[in-house]
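Here is a short tour for anyone meeting this protein for the first time. Take a look at the structure before reading on.

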Amino acid sequence: MKVLAVYPGTFDPVTNGHLDIIRRGSRLFDRVLVAILSNPEKKPLFGLRERKRILMMAAAGMPNVTVDSFDGLLVDYARRRGARVIVRGLRALSDFEYEYQMALMNRRLDSEIETVFMMPSEAYSYLSSRLVKEVVRLGGSVAGLVPPEVERRLGLRIGNGARGGRRSHRGAGRGSRG
Ligand code: PNS
């Protein structure tokens, strides 16, 4: 039986850590459905359509990956789409408590849907959308941490112009997929 996995998140914006998980998931499951939570109350920097467009561009080289959006309960969405697996990335111990609560609540809501945790490459273990936005806001560079399209849009939106800032960020995250 073909296994469809949902990879849900806010993706505001997508980082190379998210893409690392998507790539790993795409090798493990027949299809991966990246599901962007439509959460206007969180006041995301990027609107839903923009997050979707960026993700579609970033995942264009992975033929078994599709991008969609959802609101309401994740398990309801997963069931509607015929997905039996929810993929979540686990970076560090600090992620664990929240992820554990969410996985068990989702299991209580639908015991047929299994949460699978995947670890990104250690090069991305500290990376988050929140930190990326903060670094750009304060003039730092996020080159190598986000797709070029995200870097460009962040620079235009909150940085000091294109390419996301003035201080160079060497090494971390660049080219590493583990
Ligand atoms: O990238 P994020 O912000 O950590 O993703 C969180 C997300 C979207 C997975 C989570 O907020 C979610 O599933 N929201 C949908 C509402 C829902 O199902 N809530 C109950 C989950 S326990």
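This is a predicted model: local features need pLDDT of at least 70, side-chain atom pairs count only at pLDDT 80 or more; totals for chains, interfaces and linings use all residues.

Residues are numbered from 1 along each chain as its sequence is written. The protein averages a pLDDT of 90, and 89% of the residues score at least 70; pLDDT is the predictor's confidence in each residue, from 0 to 100. Over residues 162-178, though, the pLDDT is below 50, and beyond near neighbours in sequence this stretch has 46 contacts in the model. A contact means two residues whose C-beta atoms, placed from the backbone, lie within 7 Å.

The protein has six helices and five strands, in the order β-α-β-α-β-α-β-α-β-α-α from the N terminus on. Helices (H or I, at least four residues) and strands (E, at least two) are DSSP runs, numbered from the N terminus. Of the contacts with a separation of 6 or more, 73% link residues 24 or more positions apart.

Buried residues make up 34% of the 178 residues. Buried means that 20 or more other C-beta atoms lie within 10 Å of a residue's own, with C-beta atoms placed from the backbone.

Helix α2 (residues 48-58) has Arg51, Ile54, Leu55 and Ala58 buried. Seen down the axis of α2, these fall within an arc of 95°, so they line one face of the helix. That arc is taken over the directions from the helix axis to the C-beta atoms. Here are the elements that the buried residues of α2 pack against:

| Partner of α2 | Residues |
|---|---|
| α1 | 16-28 |
| β2 | 31-37 |
| β3 | 65-70 |
| α6 | 148-157 |

Over in helix α1 sits Asp20. Is Asp20 buried or exposed? Asp20 is buried, because 22 other C-beta atoms are within 10 Å. Asp20 and Met118 are 98 residues apart in sequence, yet 9.7 Å apart in space, C-alpha to C-alpha.

Now for the ligand. Its surroundings include Pro8, Thr10, Leu37, Leu73, Met102 and Asn106, where being near takes a C-beta atom, placed from the backbone, within 6 Å. β1 (4-9) and α4 (93-109) are the elements giving two or more residues to this shell, and α4 gives the most, with three. By class, the shell has six nonpolar, three polar and no charged residues.

Conventions: A residue is buried if 20 or more other C-beta atoms lie within 10 Å of its own, exposed if 12 or fewer, and partly exposed in between; C-beta atoms are placed from the backbone. Ala, Val, Leu, Ile, Met, Phe, Trp, Tyr, Cys and Pro count as nonpolar, Asp, Glu, Lys and Arg as charged, and the others, Gly among them, as polar.
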